[in-house]
Amino acid sequence: MKRFLFGLIAFILAGCGAQQGPVQPVDASMAKSASLPDLGPAPELENDTWLNVDAPLRLADLRGKVVLVEMWTFGCVNCQNVMPALKEWHTRYKDQGLVIIGNHYPEFSYEEDLTNLKDAIARFDIQYPVTQDNDGATWRAYEN
């Protein structure tokens, strides 16, 4: 997971200052300075319920893309504060290979209801794929 997170950090470092144009690759010296252990590949997404996509997404099918798996719940204020940046990144970088996946793991019982999740996605105008993780399998696989 840490290797996966470093990829996200590398993406942010490469693109955060760029207002226009393609994302520039991260210099190899920056990658070495992080000295994170290689913990292997990110856990596969096994979720069955997906929104904003026609079929479930699998990491194995997304090789070659930058994949950001966001752990969130719609009732969380901190999660809501992150949404504008995620929505901007999705709009700006989706055609350059960024795939944002919102893994929705409910904190409260009302967040488990699929209708409530769909309403929240519409209310917050989330366009990127979202998967429902009511049993927390993906949440635990990523050791959150």
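**Loops, sheet and core**

Modeller: Let's start in a loop. Aspartate 125 sits in the loop between α4 and β4. Keep in mind that this is a predicted model.

Biologist: What is the phi of aspartate 125?

Modeller: Aspartate 125 has a positive phi of about 55°, although it is not a glycine. Most residues other than glycine have a negative phi.

Biologist: Is aspartate 125 buried, partly exposed or exposed?

Modeller: Partly exposed. The relative accessible area of aspartate 125 is 43%.

Biologist: Where is asparagine 52, and what is its phi?

Modeller: Asparagine 52 is in the loop between β1 (49–51) and β2. Its phi is positive, about 70°, and it is not a glycine. Asparagine 52 is partly exposed, at 41% relative accessible area.

Biologist: And leucine 59, where is that?

Modeller: Leucine 59 is also placed in the loop between β1 and β2. With a relative accessibility of 15%, leucine 59 counts as buried, because the cut-off for buried is under 20%.

Biologist: What does leucine 59 touch?

Modeller: Leaving out residues up to four places away in sequence, leucine 59 touches Ala42, Pro43, Glu44, Leu45, Val67 and Tyr142. Take alanine 42: it is 17 residues from leucine 59 in sequence, and their C-alpha atoms are 8.1 Å apart.

Biologist: Let's zoom out. How many helices and strands does the chain have?

Modeller: The chain has 5 helices and 4 strands. Along the sequence, the pattern reads α-α-β-β-α-β-α-β-α.

Biologist: How do β2 and β3 pair, parallel or antiparallel?

Modeller: Parallel. There are 7 bridges between β2 and β3.

Biologist: Which hand does the unit of β2, α3 and β3 have?

Modeller: β2, α3 and β3 form a right-handed β-α-β unit.

Biologist: What about β3 and β4, how many bridges join them?

Modeller: 3 bridges join β3 to β4 (residues 130–132), and these strands run parallel. Histidine 104 has glutamine 132 in β4 as its bridge partner. From β3 the chain crosses through α4 to β4, and that β-α-β crossover is right-handed.

Biologist: How many residues of β3 are buried?

Modeller: 7 of the 7 residues in β3 are buried. Both faces are covered. Leu98, Ile100, Gly102 and His104 are on one side, with Val99, Ile101 and Asn103 on the other.

Biologist: On to the core. How many residues are in the largest nonpolar core?

Modeller: The largest nonpolar core has 18 residues. Trp72, Leu117, Ile126 and Val130 have the most contacts inside it. β2 (66–72), α3, β3 (98–104) and α4 (114–123) each give two or more residues to this core. The largest share, 4 residues, comes from α3.

Biologist: Which residues does tryptophan 72 touch?

Modeller: Not counting residues up to four places away in sequence, tryptophan 72 touches Cys79, Met83, Gly102, Asn103, His104, Tyr105, Leu117, Ile126 and Val130.

Biologist: Changing topic. How many salt bridges do you count?

Modeller: The count comes to 1 salt bridge. The side chains of arginine 92 and glutamate 88 meet there, at 2.7 Å from N to O.

Biologist: How far apart are arginine 92 and glutamate 88 in helix α3?

Modeller: They are 4 residues apart in helix α3 (residues 77–93), so about one helical turn separates arginine 92 and glutamate 88.

Biologist: Last one, the whole chain. What percentage of the residues are buried?

Modeller: Buried residues make up 37% of the 144 residues in the chain. The chain exposes about 8,500 Å². Carbon and sulfur atoms supply 52% of that area.

Biologist: And the contacts, what share join residues at least 24 apart?

Modeller: 75%, among contacts in the chain between residues at least 6 apart in sequence.

Methods
Residues numbered from 1 in each chain as written. Predicted model: local features only at pLDDT ≥ 70, side-chain atom pairs only at ≥ 80, totals over all residues. Heavy atoms only, no water. Salt bridge = Lys/Arg side-chain N within 4 Å of Asp/Glu carboxyl O. Core = buried A, V, L, I, M, F, W, Y, C linked by side-chain atoms within 4.5 Å. Buried < 20%, exposed > 50% of the residue type's maximum accessible area, 1.4 Å probe, protein only. Contact = heavy atoms within 4.5 Å. Pairing = 2+ DSSP bridges. Right-handed = clockwise from strand over helix to strand, strands pointing away. Areas by Shrake-Rupley, 256 points an atom, 1.4 Å probe, with all protein chains shown as cover.
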